[in-house]
Amino acid sequence: MTPTGSLLIATDLRKAYGPTTALDGAEFSIHPGEVVAVMGPSGSGKSTLLHCLAGIVPPDSGSIIYNGREMATMSDTERSALRRSEFGFVFQFGQLVPELTCVENVALPLRLNGTSRKEAEKTALGWMQRLEVDDLARKRPGEISGGQGQRVAVSRALVTSPRVLFADEPTGALDSLNGERVMELLTEAARSTNAAVVLVTHEARVAAYSDREIVVRDGKSRDMERVV
Amino acid sequence: MSIGHTLLGLLESGPRHGYDLKRAFDEKFGHDRPLHYGQVYSTMSRLLKNGLVEVDGIEAGGGPERKRYAITEAGITDVQRWLATPEKPEPYLQSTLYTKVVLALLTDRNAADILDSQRSEHLRMMRILTDRKRKGDLADQLICDHALFHLEADLRWLELTTARLGKLAEAVAK
Ligand SMILES: Nc1ncnc2c1ncn2[C@@H]1O[C@H](COP(=O)(O)OP(=O)(O)OP(=O)(O)O)[C@@H](O)[C@H]1O
Ligand SMILES: [Mg+2]
């Protein structure tokens, strides 16, 4: 099954950590501009699936095709270039560099890609404005709240205009009001740039911001649109 | 909760007398609300009239509780349709959902699919409410939030029940 127009398609992914089976034939596909929630119990393989899809962890077997190319055939250099320029990441905690100001944090991915400091910080500020945290630009991560930090992290994930945004429990550490605001801003921003969003969450109210959901249980995925 | 469908489902494993049906219902589903005999007879006569059950025999002694009922093909189809149709997501569904799951286990149907299709229906409703909330004023937001929190609780119950289906199957088989 290869849904036409998919940006990222994974079939029959398997991954074991020693005796632990983390993925046991999982499938996934996503279109540009689509927000897909990955749900399921703790330890079911959601993060492992996300790490495989993002080329962070190689699966033991199975296929991952990004933009028409099989990821396994890419070199490490190609895969990390892909992660830097076409993918964005938001995780639950601890992603901001404490020594840098917020705007420097957001500008970092652009700086790593060779953009000048001035240019990078200008683009960074634009994203911080959209995420309503531009007034925190000169503060350091230790001086802002968790919810604000998460918005800064989302700004950083979007600053390169990635084609795929990988978010693993992006609101996991936030209260429901802050969590929902982050989801609102994140999905709005992603839609406006036609980015695909892989959203790992075990919270239904967060998943309700997605277009559709899959459920991972015991390393197997279930496409909930195809439940009889 | 649909008493008619529940009684029909109980008949799927074999014909039963009226009093036996009541006892099975009370034991499995009626802990806090046992059926009255009157409910059993009015329900059974409706099912009889609609061709979903037939009288399979009458014990000596007379009286409606002495009738033995058997489910018909149309009855089985009716139970199947009820089980396969997700409930409209709304708060306080638990007793209906619980009944559906137990009946599915009792009749060797796929209880996990029933839970998953309900889960999917719930999330669909949650998306609609989330969208309404995003576009609405504060009053809309508060009303939608109330519904969303309740649906979320249901959904957590669905997930937990899915995870415990093996244990529930064992308990129900006893
Ligand atoms: N680096 C690793 N080394 C060993 N085992 C791992 C590693 N990463 C994950 N696992 C195991 O693989 C399984 C799946 O883990 P994974 O992190 O994908 O689950 P998850 O669905 O993201 O759970 P959670 O909701 O708790 O984050 C678990 O049993 C976990 O212990
Ligand atoms: Mg995880």
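Which backbone atom type of A:S44 lies 3.2 Å from an oxygen atom of ligand 1? A backbone N or O atom of A:S44 lies at that distance, in what counts as a polar contact (a pair of N or O atoms within 3.5 Å). Side chains take part as well: an N or O atom of A:S42 is 2.5 Å from an oxygen atom of ligand 1, and a polar side-chain atom of A:S47 is 2.8 Å from an oxygen atom of ligand 1. The protein covers 57% of the 640 Å² of accessible area that ligand 1 has on its own, with areas taken from the Shrake-Rupley method with a 1.4 Å probe.

This is a predicted model, in which local features need pLDDT of at least 70 and side-chain atom pairs count only at pLDDT 80 or more, while totals for chains, interfaces and linings use all residues. Residues are numbered from 1 along each chain as its sequence is written, chains are lettered from A and ligands numbered from 1 in the order in which they are written, and side-chain values use heavy atoms, with hydrogens and water left out.

The residues around ligand 1 (those with a heavy atom within 4 Å of it) include A:Y17, A:T20 and A:K46. The largest share of this shell, 3 residues, comes from α1(A), a helix in the sense of a DSSP run of H or I with at least four residues.

By class, the shell around ligand 1 divides into 3 nonpolar, 7 polar and 1 charged, where Gly counts as polar, and Asp, Glu, Lys and Arg count as charged.

Definitions and conventions:
A polar contact is a pair of N or O atoms within 3.5 Å; within protein, one must be able to donate a hydrogen and the other to accept it, and residues adjacent in sequence count only if both atoms are side-chain atoms. Helices (H or I, at least four residues) and strands (E, at least two) are DSSP runs, numbered from the N terminus.
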